[in-house]
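Reader: Please take me closely through a single part of this protein and show how it sits in the whole. I'd enjoy one connected account.

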Amino acid sequence: MYGGRLFGKRWRPYQEGNSVDDFISVLRSKPDFLCLKGAGDDAVKAAEAALGLKFSAEYRRYLEAFGAASAAGHEFTGICDSERLDIVSATETERAAIPDVPGCWYVVEQTNIDEITIWQDKNGFVYMTSPDSPARKIARSLADYLRA
């Protein structure tokens, strides 16, 4: 069963069981790839608890592999000492600025362009918010978002 359209193409919803390592592979293949040290399970669970949600398997695997990373002009949130890139801090800041965002979403990237924020939910779907338009689903996974 198809889930919808992405950039004019039909796509199947991201499902657990798809390769959660796709995002890691795509990220590593991009120019200027940089990463920190991977986060331990306790740190990941603490971040989930602080936000009151569960991360997607894809994002959890990314945190365990890199902690936080950047590549090809993207800076992804993670578990790190940078307040700007820390998943808990970034999500709390954006939730305060955009109170209508569902509580099960977390920030994966603050683009620093036109106040656009990229979010993900526990099922792996990726969303975009900006001050002048409603939230919209833009990809079925972080790997697809980075490929686009």
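Author: A contact here means heavy atoms within 4.5 Å. Among contacts between residues at least 6 apart in sequence, 50% join residues at least 24 apart. This is a predicted model, where local features need pLDDT of at least 70 and side-chain atom pairs count only at pLDDT 80 or more, while totals for chains, interfaces and linings use all residues. Residues are numbered from 1 along each chain as its sequence is written, and side-chain values use heavy atoms, leaving out hydrogens and water.

The protein has five helices and nine strands, taken as DSSP runs (helices: H or I, at least four residues; strands: E, at least two) numbered from the N terminus. Their order from the N terminus is β-β-α-β-α-α-β-β-α-β-β-β-β-α.

Let's settle on helix H4, residues 87–97. Asp-86 caps its N-terminal end, with a side-chain oxygen 3.2 Å from the backbone nitrogen of Val-88; a polar contact is a pair of N or O atoms within 3.5 Å, and within protein one must be able to donate a hydrogen and the other to accept it, residues adjacent in sequence counting only if both atoms are side-chain atoms. Val-88 is also among the buried residues of H4, with Ile-87, Ser-89, Ala-90, Thr-91 and Glu-94. Buried means under 20% relative accessible area (1.4 Å probe, protein chains only). These residues pack against helices H2 (41–51) and H3 (57–66) and strands E6 (106–110) and E7 (117–120). Across the protein's 148 residues, 46% count as buried.

Notes:
Buried < 20%, exposed > 50% of the residue type's maximum accessible area, 1.4 Å probe, protein only.
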